[in-house]
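Keep the 3D view open and click along as you read.

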Amino acid sequence: MERKEERVMARQSIFKFNERVTTEAKDATYEFRGPVISVRNLEKKFGEHEVLKDISFDLFEGDVVCIIGSSGSGKSTLLRCINHLETPTSGQILYHGYPLTKDAQTINRFRSQVGMVFQQFNLFPHKTVIDNLTMAPVKLLGKSKDEAKKDAMDLLERVGLAEKANAYPNQLSGGQKQRIAIAGILAMQPQCIVLDEPTAMLDPNGRDEVMTTLLKLNREKNMTVVLITHYMEEAVLADRVVVMDAGKILTQGTPEEVFSQAELLKKHRLDVPQATELAYRLRGCGVKFDKLPLNAEQCVKMLEEVLS
């Protein structure tokens, strides 16, 4: 409950955006109450193939949002459009209430505030971890090598890998590499981080490491986190879940609201968390659940209540 109250307060806070958001509005100062990023009526076509169809949703400061959907539903294209790695065919993406223009300077400013992590770890194999983390701040942010190294060590502490500073990528596990990749994005001091299936190629331990790191950053730094996942047990950890199907948003809401629609999700070839699946099948056998659980602990408690 405490965290939900913090979310409400964050959404009511005044955002200040003192950057040039368009080439015409130079050195202006803006105040805005609302989402960090808004997607409005977004569409994307590749030739005649329509990949995204009228997508609209908001990302608020401090949100953790999971995007789920079957393969080919448009999830990755949506993230790439948000970060302007793909140019939308129509619709708008607004940053602190102001629409992004297509000029390179505006897009680069936006990308500096919205870091993106891919499935691949994108680390230079011939450089140590600390060198991987200091290159961009020195070259792009103009930091001194000493300052960048100090900041990089702080980030490694935050992701729990300070002892790996002088290691090379081939000496790390998959989960460790992904955490280093996340630290590399954080070195650029973004306000929001978007991740395209960051746990897809990891074993269960690696997935746990990455999700623990992301939730810790969200909690400690109020970092807005948006990630695509195929693991429903990760989706239940989010504040909101967006479900995509055939290029459209099928439904969205809290994990409780989304996964209570098990029938709808299954109709569109989507999984639900294992605990939800068990309760859903038991309900089909006549067991009366008031609502569907999201995890094992909730499932056990509900079964105890039913059987008592």
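Let's start with strand β5 (residues 64-69), which runs parallel to β10 and is joined to it by 4 bridges. Two strands count as a pair here if DSSP finds at least two bridges between them. Helices (H or I, at least four residues) and strands (E, at least two) are DSSP runs, numbered from the N terminus. This is a predicted model, where local features need pLDDT of at least 70 and side-chain atom pairs count only at pLDDT 80 or more, while totals for chains, interfaces and linings use all residues. Residues are numbered from 1 along each chain as its sequence is written, and side-chain values use heavy atoms, with hydrogens and water left out.

**Around strand β10**

- Ile67 has Ile228 as its bridge partner in β10.
- Strand β9 (residues 192-196) also runs parallel to β10, with 5 bridges joining the two.
- In that pairing, Leu195 stands opposite Leu227 of β10.
- To get from β9 to β10, the chain goes through α7, and this β-α-β crossover is right-handed. Right-handed means that, with the strands pointing away from you, the path from the first strand over the helix to the second runs clockwise.
- How many residues of strand β10 (residues 224-228) are buried? It's 5 of the 5, so the strand is largely enclosed by the rest of the structure. Buried means under 20% relative accessible area, exposed means over 50%, and partly exposed is in between (1.4 Å probe, protein chains only).
- Both faces of β10 are covered, with Thr224, Val226 and Ile228 buried on one side and Val225 and Leu227 buried on the other.

**The open sheet**

- Look for 4 strands in the order β4-β3-β6-β7, which form an open sheet with antiparallel pairing.
- β4 (49-59) and β7 (98-99) are the edge strands, each pairing on one side only.
- Between β3 and β6 there are 5 bridges, in the antiparallel sense.
- Val39 is bridged to Ile93 in β6.

**Salt bridges**

- There are 9 salt bridges, each one a side-chain nitrogen of Lys or Arg within 4 Å of a carboxyl oxygen of Asp or Glu.
- One of them joins the side chains of Lys44 and Glu86 at 3.9 Å, N to O. Lys44 sits in strand β3 (residues 37-46) and Glu86 in the loop between α2 (75-82) and β6 (90-95), so the pair ties together parts that are 42 residues apart in sequence.
- Arg179 and Glu209 meet through their side chains at 3.0 Å, N to O. Since Arg179 is in helix α6 (residues 174-186) and Glu209 in helix α7 (residues 204-221), this bridge ties together parts that are 30 residues apart in sequence.
- Is Arg179 buried or exposed? Arg179 is buried at 9% relative accessibility, whereas Glu209 is partly exposed at 27%.
- Asp154 and Lys150 form a salt bridge too, with their closest N and O atoms 3.6 Å apart. They are 4 residues apart in helix α5 (residues 145-158), so about one helical turn separates them.
- Asp154 is partly exposed at 36% relative accessible area, and Lys150 is exposed at 53%.

**Helix α12**

- Helix α12 (residues 296-307) has 12 residues and reaches 16 Å from its first C-alpha to its last, close to the 16 Å expected at 1.5 Å a residue. That expected span is 1.5 Å times one less than the number of residues.
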